[in-house]
Amino acid sequence: MTINYLELEETYALGVYAKKELVLVKGRNARIWDKDGNEYIDCVSGNGVANLGHANEKIAQAVSEQAARLITCSNMFYNDQRALLLEKLIQITPANLNKTFLCSSGTESIEGAIKFAKVTTQKTEFVCAEKAFHGRTTGSLSATFKPEYKKGFEPLLPGFGFVPFNDFDSLKELVNQNTAGIILEVIQGEGGINIGNADYFQKVRQLCDEKGVILIIDEIQSGFCRTGKMFACYHFDLEPDILCVAKAIAGGLPMGAVVCSNKIDVPAGKHGTTFGGNPLCCAAANAAIDFMIENKLAEQAQEKGEYFTEKLKKNPLRKIQEIRGLGLMIGIELKGPAAPLISMLLEKGVLVFPAGANVIRVLPPLTITYEDLDFVIEKLVEVLN
Ligand SMILES: Cc1ncc(COP(=O)(O)O)c(C=O)c1O
């Protein structure tokens, strides 16, 4: 009897996702296969998670060895893999960051940052950017801009204000004596692949220093080599007080981290989690970060991003407004809606996803081959002209 997996999900999953009719069962680097054996080039990467490619052997080995050794370990005790990961994270993040809280997702990382900023400053308000996306739980949803995501869930947390991204004067106006933190992405992902500018970030950093406001930078999507640096804040010499990371951190396993400077002070017992920092995900993250460094994934992302964008731009692309991005975090802004073109690309064997209504988001594994990149470019040219 053949099992209809699509129907099972349709029947038994809460219907919160708009789905494509595709049952994906196997991956290898940037290629992914459906249950019937059809092959696709994956530029979704599990929503920007699979930076190291699918079925990466180093991750598979680390996970299987750790699964056979110790999967779970209460945060009441110490653990070898956790200790190694905590040290590694401090080595690769900006120099002013020196302590980390481990969790299991991006949204949890933002929740942690909000709580830590509040308890540190004893203040309650936050300034966020228009078009920002920080997650779906109540705190991070409060920091997320899109009204459709919030509708039906109000009241959310009070005290979250929004100003246009890259507009320092508006941001400065909203900061007051109750402001605990400013929360910003370096490159807005979901909001349309909008890149922050260096001058803006330097001014925001200075303002935070002057006013005693905690600068929270969300690199959940842009982190771990995606933009051509280990973290996108290195493009701008930006030192946050709190760096939120997740997605690619553990080679595909669920993990997040709140990496803090010594300004952040959270008393014992004020925060915690069951799954955060479990040995299985920590072993995966240790293997993932080693792989990123050994294989120079940041340089790879930089070079492949330039190759992709330059080659794509050489073609006549009638439907394009703008191509922008850093490394392999690329947005193709269209003159019309993205959804129909995304469906056409799927039929041609390329998986991409939207970032807002009229931007195609291209986030392939950073290990993607040039041959596969060429295939993606070829199919994009077909649908964009
Ligand atoms: C910038 C950013 N912040 C936060 C999140 C939330 O992460 P998660 O889906 O792991 O909760 C995302 C997810 O897409 C994101 O892109």
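Start with the ligand. The residues of its shell divide into four nonpolar, eight polar and three charged. Here Ala, Val, Leu, Ile, Met, Phe, Trp, Tyr, Cys and Pro count as nonpolar, Asp, Glu, Lys and Arg as charged, and the others, Gly among them, as polar.

Two notes on the source. This is a predicted model: local features need pLDDT of at least 70, side-chain atom pairs count only at pLDDT 80 or more, and totals for chains, interfaces and linings use all residues. Residues are numbered from 1 along each chain as its sequence is written.

Which of the 15 residues around the ligand come nearest? They are Gly106, Thr107, Gly135, Ile220 and Gln221. A residue is near if its C-beta atom, placed from the backbone, lies within 6 Å. Helix H5, residues 106-121, gives the largest share of the shell, three residues. Helices are DSSP runs of H or I, at least four residues, and strands are runs of E, at least two, numbered from the N terminus.

Now the helix pair. The axes of H4 (residues 80-92) and H10 (residues 279-294) come within 9 Å and cross at roughly 40°. Axes are lines fitted to C-alpha atoms, for helices over the stretch in contact, and angles run from 0 to 180 degrees between N-to-C directions. H4 contributes Gln81, Arg82, Leu84, Leu85, Lys88 and Ile92 to the contact. H10 contributes Pro279, Cys282, Ala283, Ala285, Asn286 and Ile289. Contact means C-beta atoms, placed from the backbone, within 7 Å. By class, that contact has eight nonpolar, two polar and two charged residues.

Last, H4 also packs on the sheet, touching E4 and E12. Its direction makes about 130° with that of E4.

Methods. Two residues are in contact if their C-beta atoms, placed from the backbone, lie within 7 Å.
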